[in-house]
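Here is a quick briefing to keep beside the viewer. Have the sequence and the 3D view open as you read.

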Amino acid sequence: MSAVQTTSPAQDDTRRRGPLAEVLFSLLRSRTFLVGIAIVLFWVVCALFGEHFAPYDPLADDIINALAPPSGEHWFGTDQIGRDVFSRVIVGSRDILTVAPLATLLATVAGTALGLTTGYFRGLVDDVVSRILEAFMAIPVVIVALLAIVALGTSKTTVIVVIGLSFAPIIARTVRSAVLAERELDYVAAAQLRHESAFHTMFVEILPNIIPPILVETTVRLGYAIFAVATLSFMGFGIQPPSPDWGLSISSNYGMIGGGFWWTVLFDALAIASLVIGVNLAADGVHGAFND
Amino acid sequence: MTEPVKARGTKAESAGTRNALELRDLSVAYRVAGRNRAVLRNLSLTIGQGEAYGLVGESGCGKSTAALAVVRYLPRNGSIAGGAIALDGQDVMKLDAEALRRARATSVSMVYQDPGKALNPSIRIGRQLTEIFELAGIAGQAATERATAMLNRVRISDPPSVMQRYPHQLSGGMQQRVAIAMALANDPSMLILDEPTTGLDATVEAEVLDLIAQLRQELSASILFISHNLAVVSNMCDRVGVLYAGMLVEEGPTEVVFNDPRHPYTVALLRCLPRGGQRKDQGRLDTIPGFLPGIGATIRGCAFADRCALADERCRTELPPLYDLSDERGTRLSRCFHHDKAQALPRATPADVALPPKPVTAPVLRVAGLNKTYASHGHPLRAVKDVSLDLRPGETLGLVGESGSGKTTFARLLLGLVPPDEGGTIELEGKTLAPKLENRGDDQVKAMQIVFQNPDSALNRSHSIRHILGRALKRLAGLSGKAREARLEDLVRAVRLTDRHLAVKPRQLSGGLKQRVAIARAFAGDPRIVVCDEPTSALDVSVQAAILNLLADLQAKEDVSYIFISHDLGVVRYLSDKIAVLYLGRIMELGPSEAVFSGPHHPYTEALLSAVPKLDQSGTARIRLDGEIPSAVNPPSGCVFHTRCPRKIGPICEQQEPQLAEAQPGHSIRCHIPYAELARLQKAALAELA
C-alpha cells in the first residue's frame, strides 16, 4: 500500500475518500474481479436456493431412465441410478461452499494469530513456532486428512478442521512478514512508549494495518480450499453420500467414462473448475485493488 | 564542446539569441476523478543560454510538474492544456514520438531528488554509464573511456573501481555524483535539477552544490534548478522564479528578489526562515496563515489573496498582471497590485515573546557514560560512545552531526526503545532509569516522549485522530470519560488544531497538521522531556515555522525540556539552549548554543557550519570535508575525526584520542588543538575571507 506515498499532486483528491471506499471503487472497476465475483455469486445462489429452481429432486432415483444422455428433459443427462445430473450439479455446490469458506476462515483466524505472535515477538517464540509450522507444512494434506479421519471419523467438521489447520501455517507466514515490516514503524514505538500491552499493540495497533495482505491471502486460500475439499471428497475422506457434492459425484461416476457416459462426470468437473476460477479471478481483483 | 545533435524539424527563429528554454503561457492539468484540475496556470519563463534559473515555492506549487512538462514527461493523467514550450528554439509540442525521444536523449537531462531510486540497483555503475554512450553510437572501449572521463569530471576519485560497484555500495553523495555524471554524459544543452540535494547531509549537500557550481564553469548547459530551499537557490542561480499555485508570482535576479522581494508571498516565505542566528527567546518566526489552494481550485483574483494581509477587494476579484519592475539591477516581475508595499506585509504571528528569566534549577536529565555497541557481522559497532551530559528543565539540547553520527541511537537509548550497554546511567529527576522500557515505571515512561521525523510512520494510519489522542490521554494521563474529553479539547487547541480534525484519519491531513497531532500525542501526559527527531525536515518552510513556534510556545508554557535532533543548523540554533555535536557516536563539542555557533569551535563543527548554504551571504569559501564519515565498525585511531580534519596538527591526532576538555565554563571541545589556538586559527580564517 505504498501507493499512498506518491508525490503526484494528482493523487490529492482520491486520497480524500476513505481507504475502504477507495478499494471498493477500484474493485468495481476491475473487470477481473467483476467476472470472478459473478461466477462465485452464481454458485452461492445455487447453494442457497438451488433446490427451489432445480428441475428435479437431486436425490430422487429413476432407475428406468438411468444413464440417459443429455436431452431436453435432462439437460445434463442422468447418472447410474437415474438422478438428474443438472439438478445435482446445482445443489451440489452447497456442501463445498459451506466447508471451504469455513475452513478458510479457520485458517485465517489461526494463521493471523500465529503470524502476529511470531512476527511481533520474534526471537525464541518465532524460531520455535516457525519451525513447527514449517514441519507442519511439509506434511501433505491427504495424509493429515487420513489420520484425522481415523481419529475423528468422517464429518464436515473434520474436513473443515483438517483443511483449516493445514492452511493456517501458510497464512501465518504471510501475516508474519507483514508484521515484520509494520513493527518497524514508529507508531509501534509510540505504543511501547505508552506501556501498551503486547496484545493491544498486536491486535489494535498492527492488525488493522495488515488487513489488506490478509484479505488477499484469504481469497487466494479459498480457491485452494475448494480444490482441497473436492479432492478429499473424491478420495472418500471428505463429504459423504448421499450429498450431491461435485467431488463425490465424480468419484462415484468416473468409472463410467470408459463406457462413454461422459456426462456423469464432465459437468461436475466443470462446476469445480468454474468455482475455482471464479474465486481466483476475484482474488486477483482484490490483490490488484489493494496494490494499485 | 560539441554542439548537441538537433532533432529534425528544428525551427530556428532568431538563431543568434536563442533561449535555452522558453515557456509561454504553459498550462498543465491533471485529470483526477473525471475532472481536469489545473496545476500550472499560464506559466511563462525564459532561461537564457548558460543561465541557471531557480524555481522555488512550497510543495504542491507545480515546480516538478513544470520540469516534467518541459520534456513532455507528465504522468499519464497529466496533459498540457495550452501554451508553448521551446527547447533551444525547438517547439517541443510539435515533436513526434521519435523526435521527442531524441530530444530527451540528446539535449535535456534530469537529475532527481533521490539518487538511490534514479540508479538501477542491479546494474553496475559502469554498465549504466556506458549504456548512455552506446545509445549515442559509441561502443566498447571508447564508451568505457568516456564513462571514466565523466566520473572524473564529477570529481570521483578512482573511477575504475567505482564503475565496478553497484549503486548500494556508494554513499548518497557519490550516488548523486554518478546521477549527475549520467545527466551530463550526452552533453545536454539543458540540465534540469529537481531538488538534487534534498535528503543529503549538509556536508554532502555542500559537496554536490560545489560540484554543480564548478561544472557550470566548464559546461555550456543551462540549468533549471528546482528547490524548496531558498538558501540553496540563492547560492546556485542567476535568476529565480517564485511559483505559487501554478502561477509565477515573482521573478528576477536571485540577489535582488531575496533581498528586496516585491511579492507578499516571497516576503512571507523569507520571513519563515530562522535567519542570522535568530533564537526562540528573541521572538517567534513569522508564518503564512491558511493553506495553498488545492489543485484545480478555481482561482479568481490573486491566488495568494486568502493568505495575504495586504489583500483588498480588488485582489480577490481581479487577477493581478505581472508588473514589470525592471530597474538597473535587472529585469524583474511581480504579480501583485501592491508590489510597492509588499515588504510592509504585516506579520501573521506576533514576534514578541515574554520570557521570564529562568531560575537555575537542578537538571531534569543526567546522562553519564552512556554506550551502545551493536554487533555487525561479529564486529562490535560502537554507535554511541561514552556520552555524558545533562539537561535542565525548560532547556533545549540540540543534537547535530551527519547521518550515522549516532544522534537517533542516542535518543532511542534515552527513551528505552534500545537498551544501552551496561555501565552507563540515565537519571531522570534524580532517579536512575531502568535500561529497558518494560522495566521503567509508568510515570517515568510518560515523562519522556518523542516526536518522530515522519508522521506517516508515527501515526497509526488505521486510527482516527480522536482515537490516537484519546488513547494517549488514557494511557499517559490516566484520564477517562468526561475528564478525558475536556483534556482532549485543551490538547487539540494547544497545538492549534480544531474539533473538525478529530474525526479524520492521518492520511486526510497535511504533513504539518499530522506533525501537530504527533506533538499533541507527545504532550498528552505532561512530559518532562520530549525528544524531537527531525520533526520539521519533511515540512515546507512556512509549516516548519509554525511547528517551531508551537514547540517554543509549548516549552515556555509547560517548562518542558527538548532534545532536538536536526540536520538544519538554522533550526537547531533557533530552538536550542545547548548543543552537542556528535561524530561517530562521540560528543566532539558540547556547550551553550551561542558559544558553539559563534566559536571558537571544534574543527568538525566549523566544517558543519560552513557547509550550510546561507541566504545572507553568497560565495563564501567552504571548508570541505574530504571523503565520507568512516565506518563505526572500524573507526580511525586516535581522534576519530583525523581522517577528514582540515586542521589536523600531526601524528598525535592519529595516535591519541583527545579528551572532551572544558575550554570555557560549560563549553567542552574534544580536540588536541588548545582552545586559544583554535580561536586564533578560526579568526584568521574569517579574516582571510573578508
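**Helix packing, a sheet and a chain contact**

Helix 11 of chain A passes helix 12 of chain A in a right-handed crossing. (A crossing is left-handed if the near helix is turned anticlockwise from the far one by less than a right angle, and right-handed if clockwise.) Helices (H or I, at least four residues) and strands (E, at least two) are DSSP runs, numbered from the N terminus. This is a predicted model, where local features need pLDDT of at least 70, side-chain atom pairs count only at pLDDT 80 or more, and totals for chains, interfaces and linings use all residues. Residues are numbered from 1 along each chain as its sequence is written, while chains are lettered from A and ligands numbered from 1 in the order in which they are written.

**Chain A overall**

- Chain A comes to 13 helices and zero strands.
- Its C-alpha trace spans about 75 × 50 × 30 Å along the principal axes.
- Helix 5 (residues 93-121) of chain A has 29 residues, and at 1.5 Å a residue it should span 42 Å; its end C-alpha atoms are 42 Å apart, which agrees. (The expected span is 1.5 Å times one less than the number of residues.)

**Helices 11 and 12 of chain A**

- Helix 11 (residues 211-235) and helix 12 (residues 246-253) of chain A pack at an angle of about 35°, with their axes 7 Å apart. (Axes are lines fitted to C-alpha atoms, for helices over the stretch in contact, and angles run from 0 to 180 degrees between N-to-C directions.)
- Among the residues making this contact are Val229(A) and Phe234(A) of helix 11 and Trp246(A) and Leu248(A) of helix 12 of chain A. (Contact means C-beta atoms, placed from the backbone, within 7 Å.)
- By class, that contact has six nonpolar, four polar and no charged residues. (Ala, Val, Leu, Ile, Met, Phe, Trp, Tyr, Cys and Pro count as nonpolar, Asp, Glu, Lys and Arg as charged, and the others, Gly among them, as polar.)
- Look in the loop between helix 11 and helix 12 of chain A for Pro242(A); a cis peptide bond joins Pro241(A) to Pro242(A), with omega about 10°.

**Helices 3 and 13 of chain A**

- Helix 3 (residues 31-53) and helix 13 (residues 263-291) of chain A pack at about 140°, axes 7 Å apart.
- Helix 3 and helix 13 of chain A are therefore oblique to each other. (Under 35 degrees counts as roughly parallel, over 145 as roughly antiparallel, 65 to 115 as roughly perpendicular and the rest as oblique.)
- Helix 3 of chain A passes helix 13 of chain A in a left-handed crossing.
- Their contact has twelve nonpolar, seven polar and one charged residues.

**Chain B**

- Eight strands of chain B form an open sheet in the order 18-19-20-15-21-22-24-23, with mixed pairing. (Two strands pair if DSSP finds at least two bridges between them.)
- Strand 18 (448-451) and strand 23 (660-664) of chain B are the edge strands, each pairing on one side only.
- Strand 21 (residues 578-583) and strand 22 (residues 586-592) of chain B run antiparallel, joined by six bridges.
- Arg72(B) has a positive phi of about 50° although it is not a glycine.

**Where the chains meet**

- The contact takes 22 residues from chain A and 31 residues from chain B.
- On the side of chain A that touches chain B, helix 1 (12-16) and helix 9 (186-192) of chain A are the elements that give two or more residues.

Key. Contact = placed C-beta atoms within 7 Å.
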